[in-house]
Amino acid sequence: MTSPNEPPKHGEHFEPRDAIEDVVPMIPIVLPAVGAALIFLLAFIAIYMA
């Protein structure tokens with residue numbers, strides 16, 4: 001285990017991956033799909049209750 005203040009060793013280049021940066025490219029696909037599913041479910045519930 002290394003100390004966070006220890007300088008990196010020669011030949012080791014490690015950049016931690018950011019979870020937010022991995023998710024951001026999928027937002028334009030996932031957001032409309034989830035919105036459409038939510039609207040469908042709400043409409044189905046409204047028709048079922050009527």
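Of the 50 residues in the protein, 0% are buried. The model is predicted, and its secondary structure consists of 2 helices and 0 strands. The accessible surface comes to about 5300 Å², with 73% of that area belonging to carbon and sulfur atoms. A search of the whole structure finds 1 aromatic pair and 1 salt bridge.

**Helices**

- Helix α1 covers residues 19–23, and helix α2 covers residues 27–49.
- From its first C-alpha to its last, α2 reaches 32 Å, which is close to the 33 Å expected for its 23 residues at 1.5 Å a residue.
- Helix α2 is hardly covered, as the count of buried residues among its 23 residues is 0.

**Nonpolar surface patch**

- A nonpolar patch on the surface is formed by Ile20, Val23, Val24, Met26, Ile27, Ile29, Val30, Leu31 and Val34.
- Together these residues have about 870 Å² of accessible area.
- The most is given by α2, with 5 residues.
- Valine 34, one of the patch residues, lies in helix α2.

**Aromatic pair**

- The 1 aromatic pair found in the whole structure consists of phenylalanine 44 and tyrosine 48, whose ring centres are 6.5 Å apart.
- The planes of these two rings stand at 15°, so the pair is stacked; the cut-off for stacking is under 30 degrees.
- Phenylalanine 44 and tyrosine 48 are 4 residues apart in helix α2, and therefore about one helical turn separates them.
- Phenylalanine 44 has 51% relative accessibility and so counts as exposed, the cut-off being over 50%.
- Tyrosine 48 is also exposed, with a relative accessible area of 65%.

**Salt bridge**

- The 1 salt bridge found in the whole structure joins aspartate 22 and arginine 17, with the closest N and O atoms 2.7 Å apart.
- That distance meets the salt-bridge cut-off, because the nitrogen and the carboxyl oxygen have to be within 4 Å.
- The side chains of arginine 17 and aspartate 22 are also joined by a polar contact of 2.7 Å.
- Side chains of opposite charge can pair when their charged atoms come close.
- Arginine 17 is exposed, with a relative accessible area of 70%.
- Aspartate 22 counts as partly exposed because its relative accessibility is 36%, and the partly exposed class lies between the buried limit of 20% and the exposed limit of 50%.

Definitions and conventions: Residues are numbered from 1 along each chain as its sequence is written. This is a predicted model: local features need pLDDT of at least 70, side-chain atom pairs count only at pLDDT 80 or more; totals for chains, interfaces and linings use all residues. Side-chain values use heavy atoms; hydrogens and water are left out. Buried means under 20% relative accessible area, exposed over 50%, partly exposed in between (1.4 Å probe, protein chains only). Accessible areas come from the Shrake-Rupley method with a 1.4 Å probe; for residues, only the protein chains shown count as cover. Rings of Phe, Tyr and Trp (its six-membered ring) pair if their centres lie within 6.5 Å; planes under 30 degrees apart count as stacked, over 60 as edge-to-face and the rest as tilted. Patches are made of residues with over 30% relative accessible area and no salt bridge: like charges are joined within 9 Å, nonpolar side chains (Val, Leu, Ile, Met, Phe, Trp, Tyr) within 5 Å. A salt bridge is a side-chain nitrogen of Lys or Arg within 4 Å of a carboxyl oxygen of Asp or Glu. The expected span of a helix is 1.5 Å times one less than its number of residues. A polar contact is a pair of N or O atoms within 3.5 Å; within protein, one must be able to donate a hydrogen and the other to accept it, and residues adjacent in sequence count only if both atoms are side-chain atoms.
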